[in-house]
Amino acid sequence: MHQTLPVLSAEAISKSFLAHRVLDDVGIALMPGEVHALLGENGAGKSTLIKILTGAYKPDAGIIRIEGVEVTPHDTKHAQQLGIGTVYQEVNLLPNMTVAENLFIGRQPLRFGFVDRRRMERAAREMLARYDLAIDVSAELGAYSVAVQQIVAIARAVDISGKVLILDEPTASLDRHEVQILFEVIRGLRARGMAIVFITHFLDQVFDLADRVTVLRNGRLVGSKPLAGLGRMELVTMMLGKALEHESSMRIATDRPAGDVLASFKGYGLRRKVGEFDLDIHKGEVVGVAGLLGSGRTEMARLMFGIDRADQGQALVDGKPVNIGQARDAVALGFGFCPEDRKTDGIVGDLTVRENIMLALQARRGWAKPLSLREQRALADKFVKALDIRAASIEMPVKLLSGGNQQKVILARWLATEPRFLILDEPTRGIDVGAHAEIIRMINRLCEEGLALCVISSELDEIVAYSSRVVVLRDRQMVGQLRGAEITPARIMETIAAEPEGIPS
Amino acid sequence: MNASVLASLAKPQYVALGLVLLINWLLFPNFFDIRIQDGRLFGSIIDVFNRGAPVAILAVGMTAVIATKGVDLSVGAVMAVAGAAAATLVQAGHPLGVVLAAALGIGLLCGLWNGFLVAVLDLQPIIATLILMVAGRGIAQLITEGFIVTFTDPALIFVGTGSVLGLPMPVIIALVLTVAATLVMRRTALGLFIEAIGVNRSASSYAGLRSKLLLIGVYAFCGLCASIAGLIAAADIRGADANNAGLWLELDAILAVVVGGTSLLGGRFSIPLSVLGAIIIQAMNTGILVSGFPPEFNLIVKAGVIILILVVQSPLATRLWGFFSSESRNKAEKRS
């Protein structure tokens, strides 16, 4: 292909943490004047690879070359000197210092041993002018939008390093307009011959900006291809890695009659989190929610449960308009939510299994009407038996249970409230295979009992197995609904990968 | 059943109190002597309870706050504010009912303010309550106009120095408050809710708890307790000293709670054990006084006890302790 030498290349990189191999013989080559998208789901090894390139980790094996010369970055500072600069999603600048100070921190121009503020600010203005950014460099950085802060961070990284720029999910907290501004900046840098690594979860942005894409999965290199001529479907398949021949035979949710409408969300949305969506939830159906990471799945669930308050649209339950402004409102309506992050949002670690199970029910009854200890024990015993929760005792702290059992405890907490609508966010993440299958069986059983469920999952097989209907999200927008025979992993992937219609890029 | 009774007797707080009392008795053999004079009990041990009552009352409120993973540094200052308000109003000739209601109402308001800062504005509790810790003394000084306001109203003085059935009033107030608070916490779901938000506020909100309202309520309760302690302190000296009333008592209250086994990380709490902690601290103070040692020892000994308690509560000790006690608890549960 190119005769030119890669600016940065890594070959046969391997890295293990304890016995767990997170990178296995992975390589990447960055050409000058190229935007190189690095893709992969969570745990694919993207961040480990980046950390190795920037010297934060040492690889167990493999070679890193800069312009053909072998190097070993000792730490991030050394990597910067070698020409590799990084900008993280959470801008790691100091919001309470001025723009100019941020650009020159640690290397301020000095005059008689003191910082030459005037010279520093002039240089800062010149530096930012190259990015068409005319802002007051003596103002605090925190006063500016995240997009401006990103550009300042990029300007700093380019100024220090100058050869390779690594952008780790730079667009995660930007709106569409800000993304375009950022992309202009990146294109400008590409024109100046820099190699740019661009990590994102937004496929549209990859097709919009990148020249080449490298996909990792489970710590292995799936492939590295030029984007020209690469189909969306092909890319999604590379990322998710599911064989496409799965057919509807594996479905266990076929011909499940949908009941009356329980809840409906009309034009529901929250700026910067989830674009407006329309969704009807029927009694006795499982609505699967599919989409890549960062596509707005969790945000949608949080909105429906009132963790975040919608700023547009309307929610109706039993045909009546309702206000779901906090979790409490949702609980009062008979909703339940098993969050994705069990540890921080789910379990109350130091409390016992019994207390964790009765918590939501007690919260709904109010503090003044306590469940007696006997009622609590009966409740806990019932669910420990029904869900097969493996705990030495219902009086042991829930934090000592395994992940799958903790998940069941949270499920039990909601089932104890006899909910009408249950939202499960990644119910099978991080739990072992046995518990995995049990949870899926449980979803089906609950549905047969007339409960409405909304299940978010990254596992397409799973979604296909239990969903009566599948909602697909892409880039924080609901982009499709699949029903009946349409529900196959292939169709879901096609919908995720479909060209966005009518959105200017 | 027997095993669990034995296990609860082996709590470090009981052992500590026993040790402190034993040392007091060895240093001062008359420590446990009680005599009746003018229809009320006197003696060193009664004195421990009487002197320890204000801190015990503070500790009741502080326990709830610390259980939510918070802390209230303002209770000493709130004592001064409540005392100042009571003294000024009683001097102005208001009836006792108005005086008490005003003093307690002010304490409640102070607590609501702290709760607002912590729950609604999301300030860190240590900073949020530091504001009132500083400002409270200023408010108290404004109320007393910079003087020490003395009063002679017998009804108000009775709150601090009177006795009922031979027991000093402060002891009775502390006892009633402790029992009432414990019952409300444990006979309703309030205690569990407080523990839940202390362990994991986010998860508690997800489960449908009103964590903001709960937090505000807990701080308000703590303020109320502080104003009760302030009334006792003022009635005891028959005057309100804006500068010195309740000075540093917030630290004693926090210490009492920690000695009582409630972790500063929030979660599980026990009001009776916190009150016991307050008594342990006072027993040390009194012991050093009556044994004839110079009172300077007091602070050093207290520091020693803090270190000991912190070591006992450290993760390493907890792990070792948990290993042994979970063994015995499992056995006990199987038996019952």
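This is a short chat about a predicted model.

Student: Before we start, how are things numbered, and what counts?
Tutor: Residues are numbered from 1 along each chain as its sequence is written, while chains are lettered from A and ligands numbered from 1 in the order in which they are written. As the model is predicted, local features need pLDDT of at least 70 and side-chain atom pairs pLDDT 80 or more, but totals for chains, interfaces and linings use all residues.

Student: How many residues of chain A are in contact with chain B?
Tutor: 26 residues of chain A are in contact with 22 residues of chain B. In contact means that the C-beta atoms, placed from the backbone, lie within 7 Å.

Student: Which helix of chain A gives the most to that side?
Tutor: Helix 12 of chain A, with 6 residues. Helices are DSSP runs of H or I, at least four residues, numbered from the N terminus.

Student: What follows helix 1?
Tutor: Gly55(A), with a positive phi near 80°.

Student: And which domains does chain A have?
Tutor: Domain 1 (8-240), domain 2 (281-334 + 420-498) and domain 3 (349-418); the bounds come from an automatic or database domain assignment.

Student: How far apart are the C-alpha centres of domain 1 and domain 2 of chain A?
Tutor: They lie 34 Å apart. Still, 13 residues of domain 1 of chain A are in contact with 11 residues of domain 2 of chain A.

Methods
Contact = placed C-beta atoms within 7 Å. Helix = DSSP H or I, 4+ residues; strand = E, 2+ residues; numbered from the N terminus.
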